Amino acid sequence: MAQWRAAVFILVSVIAMATAFTPGCKIRITAKGLELLKQESLKFVEEELENITIPDLSGKEGRFQYTINNVRITELNLTSSDLRFQPDFGLVFEVHNSSISLNFMRRIFYWFFTDAGSINASAEGVNIHTAVRLSKDSLGRLKISNISCDAAVGKMRAEFSGTLRRVYDLLATFITTGMRFLLNQQICPVLNNAGLVLLNSLLDTVPVRTKVDKYVGIDYSLLSDPVVTSENLDMDFRGMFFELQNENDTLVNYAVEPVIREYDRMVYLSLSEYFFDSGMLSYFKAGVLNIRISHDKMPKDLEMLLRTSYFGTIMLLNPSIAEAPMSLELEVTTAPRCVIKPSGTSVSVTAVVSILLLPPGQEPAQLSSMTMECKMSAKVSMKGKKLALHMDLRRFKIFSNQSALESLALIPLQTPLKTLLQLAVMPIINDWTKKGVQIPLPEGMDFTEEVVENHMCVSSSRLCSLLSPPPPPGFITIGANLHFSKGLREVIERNRAEPKSLTN
């Protein structure tokens, strides 16, 4: 009774933890990654501030009347800027003690005298504080949900030219005070629009629920708001593949939650066994894991061996079909399973191998059916934003479900069939898996200098202790640096110009 209660407790605990949507994929952005983002962010902010539109200014002082128009920002000098994590909130972008150079046209009226020309001005002691809140929206997409902005211009200077320069100096205080007020009023609206509209359009390029190919898709929806500390930003994604014909099917995640402990690189991606298992299950359900090897792709010596081995069977079935083309069919019977250990990643596959004769104009004649069990090693790699696999056949075994004696008769076929898999089947699988799947990063941002590491389940994890022993589940962590293959502006403008994809 005590053992039964313990088993029920473990089962209920595992189910409860699984239904809490354990992430299959996690991404961490570190302070080093934020430093790279700072460089692109500063460039983006400069481009936005250069496009500030300042309304015309007019006024009267004594007998002087003035009009200021065509205000243009000619130079930005954001000497001191900072982008940092704001714990439990998001990001903070600050500019300190910077300057903005402007040029505008003047028109002065004094009695019946009129004068026009240009004025060069500079705003000094410019300070900007912008806090960006990051959260997930209703679709599970990362979004900038709120921006708080505070901007101040310390002082403003104006330089007049012309014969009446000293007279205009009397008006400098009034003109610069008005210009300073207008500039103060324009900075934050521009940055708010840049974040809530432009940068959110950049985040729209991150795949959330999208097609991988014509068979399956992948769900990268965020499970919760990002977790932000002073050192990093962590995001938990569902990381689940699904069959396109049954998009609402969900695989319960019983795998251990991937853990990221490193900070040395700009970005870390961590994937649990669930991530890979859901992919293989989806392809299994889609029926694409079944392979037919026709006689023209079968090695002649293997075909000769099979015809010799099953000569008696052929004679019993129908001697007239002895010269008919031969084929092998591999039908995967259960979804392959992935096991991640520090020593490597493996995939276990069980399939039924059928040997057939295909006489023209007649029904296929089955000569034999056997069970195949194989284990493949899987090497995970990253290129840009594509996660790919390369598989190698390691272990191979065939046996009969009918009798031990028939299994002994299959021993001579063991090595030739393994060779056939290596030469004819594995290249097909690797051509398929090397296409890869995109990870949840914005367009224009890629991984470089990747390092892949395998980890066992963290012993302090409650789920780990419930699932072990053996084998304790594992996960893969990919540490990398970031590279901008496209600028933020280029990606934003392109994304705003193109219609939104229904698959993203």
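Visitor: Why does Y283 count as buried?

Guide: Buried means under 20% relative accessible area, exposed over 50%, and partly exposed in between, with a 1.4 Å probe and protein chains only. Y283 has 11% relative accessibility, so Y283 counts as buried. Please note that this is a predicted model, in which local features need pLDDT of at least 70 and side-chain atom pairs count only at pLDDT 80 or more, while totals for chains, interfaces and linings use all residues. Residues are numbered from 1 along each chain as its sequence is written, and side-chain values use heavy atoms, with hydrogens and water left out.

Visitor: Why does W432 count as partly exposed?

Guide: W432 is at 27% relative accessibility, and therefore counts as partly exposed.

Visitor: What makes Y283 and W432 an aromatic pair that is edge-to-face?

Guide: Rings of Phe, Tyr and Trp (its six-membered ring) pair if their centres lie within 6.5 Å; planes under 30 degrees apart count as stacked, over 60 as edge-to-face and the rest as tilted. For Y283 and W432 the values are 4.4 Å centre to centre and 80° between the planes, an edge-to-face pair. Y283 lies in helix α5 (residues 273-286) and W432 in helix α9 (residues 411-433), so the pair ties together parts that are 149 residues apart in sequence. Helices (H or I, at least four residues) and strands (E, at least two) are DSSP runs, numbered from the N terminus.

Visitor: How many aromatic pairs does the structure hold?

Guide: There are 4 aromatic pairs. One of them joins Y220 and F237, edge-to-face at 6.4 Å centre to centre with 80° between the planes. Both Y220 and F237 are buried.

Visitor: How do you know that R209 lies over the face of F242?

Guide: A charge sits over a ring if NZ of Lys or CZ of Arg is within 6 Å of the ring centre and within 35 degrees of the ring normal. R209 lies over the face of F242 at 3.9 Å from the ring centre. R28 likewise lies over the face of Y263, at 4.6 Å from the ring centre.
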